[in-house]
Amino acid sequence: MTMQPVLQFHHRSVAITVLAFCAVVIVAMTPHAKAAAINDVQKIDIPSQPYPISGLRQRLIDAGKAIPEVDSSLQFDIPGLYYPPVDENAKTAAVIAVPDCDDRFPEDWITALHDAGLAVLRISPGKAHPSQSYCTAGTLDNPKHGVTYWAFDALSALEYLAGQDGIDPDRIAIFGYGYGAAAAQFAIYRHGHAKRFDQRFVSMVGLRAQCMSEMDNFVPALLVTVTGDRLNPPAWCQWRMDRDLHADREPVMFEMLQSDETPEKQATRKFLKVETGPETTALIMDFLLKTGIILKEDKP
């Protein structure tokens, strides 16, 4: 399938992909595979990168101007759970998982990614910046801007992971869930923090994506939403895609899933069955294959 600047399709169009990736789904979602991934986990603290000097600040410094110091009071190490690659004898691709604002990320997806041969680093930005949690109440006078800190945390995690033994630094993707998907979009935004880092993500996946960022990205993205999701409205993503995407921009694939669960459950932060269903799994795995994160020989 040729990737155009905007690709919008519904879940029935991925039936062929489902058949092609049934082996991935069957192996990745078994209890045995899940236990193996969890047992390999390592608790780590990821060093926060120093804030880069903006172009304006650098020009003022070069002109000899006195400028205030950058506020580093919110720079904390980021807690993470690391699932190292199974094959220690080869350079392996990796995925950085960014959870929702309540620090929840579907465990079945950690398993599926790890069993597809990938290293997985699940970070917890909300624990590094508790005062910037989007789940806590904000007001017009005191809004929460956690997504920018979370995106910076994801980029710090990228720098950390790219330097680990056994990791291919040119094959690292970011996978955000809910509010974490908003942070992931900021982490690949061409005019955001990412432009000041030499290391770049190769692609981005957003599941139950919350779309807050403009869509002028360095790399291709896949946004997966659920019809009727009030916490992460698909209309936000559609509006930004209609506004931002042009022929010269990196492609954004968009999928709107249909859930058979009650509207009340869809309006909560509870996991939905459709998030880890066979068609959703095949869709995301196919995207990771097309963007070079998963190689054909990596499939179980």
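A disulfide joins Cys211 to Cys237, with 2.0 Å from S to S, where a disulfide is a pair of cysteine sulfur atoms within 2.5 Å. Cys211 lies in the loop between strand S7 (204-207) and strand S8 (221-226) while Cys237 belongs to helix H9 (residues 234-244), so the pair ties together parts that are 26 residues apart in sequence. The torsion about the S-S bond of Cys211 and Cys237 is about 90°, so the disulfide is right-handed. Both Cys211 and Cys237 are buried, a word that here means under 20% relative accessible area, against over 50% for exposed and partly exposed in between (1.4 Å probe, protein chains only). The structure holds one disulfide.

This is a predicted model, in which local features need pLDDT of at least 70 and side-chain atom pairs count only at pLDDT 80 or more, while totals for chains, interfaces and linings use all residues. Residues are numbered from 1 along each chain as its sequence is written, and side-chain values use heavy atoms, with hydrogens and water left out.

Seen as a whole, the chain has 11 helices and nine strands; helices (H or I, at least four residues) and strands (E, at least two) are DSSP runs, numbered from the N terminus. Of the 300 residues in the chain, 50% are buried. The accessible surface of the chain comes to about 13,800 Å², and 54% of that surface belongs to carbon and sulfur atoms, the areas coming from the Shrake-Rupley method with a 1.4 Å probe and, for residues, only the protein chains shown counting as cover. Among contacts (heavy atoms within 4.5 Å) in the chain between residues at least 6 apart in sequence, 80% join residues at least 24 apart.

Arg208 is found in the loop between S7 and S8, and Arg208 has a positive phi of about 50° although it is not a glycine. With a relative accessible area of 3%, Arg208 is buried. Asp103, placed in the loop between strand S4 (92-98) and helix H5 (107-115), is another residue other than glycine with a positive phi, near 65°. Asp103, however, is partly exposed, with a relative accessible area of 22%.

A search of the whole structure finds two cavities of 30 Å³ or more, and about 40 Å³ of space lies in the largest cavity. On a 1 Å grid over the protein atoms alone, a cavity is a set of points where a 1.4 Å probe fits but cannot get out, and lining residues have an atom within 4 Å of a point; grid points are joined across faces, edges and corners, and a volume is the space filled by probe spheres set on the points. The largest cavity is lined by Asp100, Tyr177, Arg208, Leu231, Asn232, Thr268 and Arg269.

The buried residues in H5 are Trp109, Ile110, Thr111, Ala112, Leu113, His114 and Asp115, and just after H5, Gly117 takes a positive phi of about 95°. Val120 lies in strand S5 (residues 119-123) and, at 0% relative accessibility, counts as buried. Not counting residues up to four places away in sequence, Val120 touches Leu81, Tyr82, Tyr83, Val95, Ile110, Leu113 and His114. The C-alpha atoms of Val120 and Pro85 are separated by 7.8 Å, although these residues are 35 residues apart along the chain.

Further along, helix H7 (residues 146-162) has 17 residues and reaches 24 Å from its first C-alpha to its last, close to the 24 Å expected at 1.5 Å a residue, the expected span being 1.5 Å times one less than the number of residues. H7 is mostly covered, with 13 of its 17 residues buried. Phe186, in helix H8 (residues 179-187), is in contact with Val147, Ala151, Met212 and Ser213, leaving aside its neighbours within four places in sequence.

Helix H11 (residues 278-290) has 13 residues that should span 18 Å at 1.5 Å a residue, and its end C-alpha atoms are 18 Å apart, which agrees. The buried residues of H11 are Thr280, Thr281, Ala282, Leu283, Ile284, Met285, Asp286, Phe287 and Leu288. H11 is followed by Gly292, whose phi is positive, near 85°.

Key. On a 1 Å grid over the protein atoms alone, a cavity is a set of points where a 1.4 Å probe fits but cannot get out, and a pocket is an open set with protein on both sides within 12 Å along at least five of seven lines; lining residues have an atom within 4 Å of a point.
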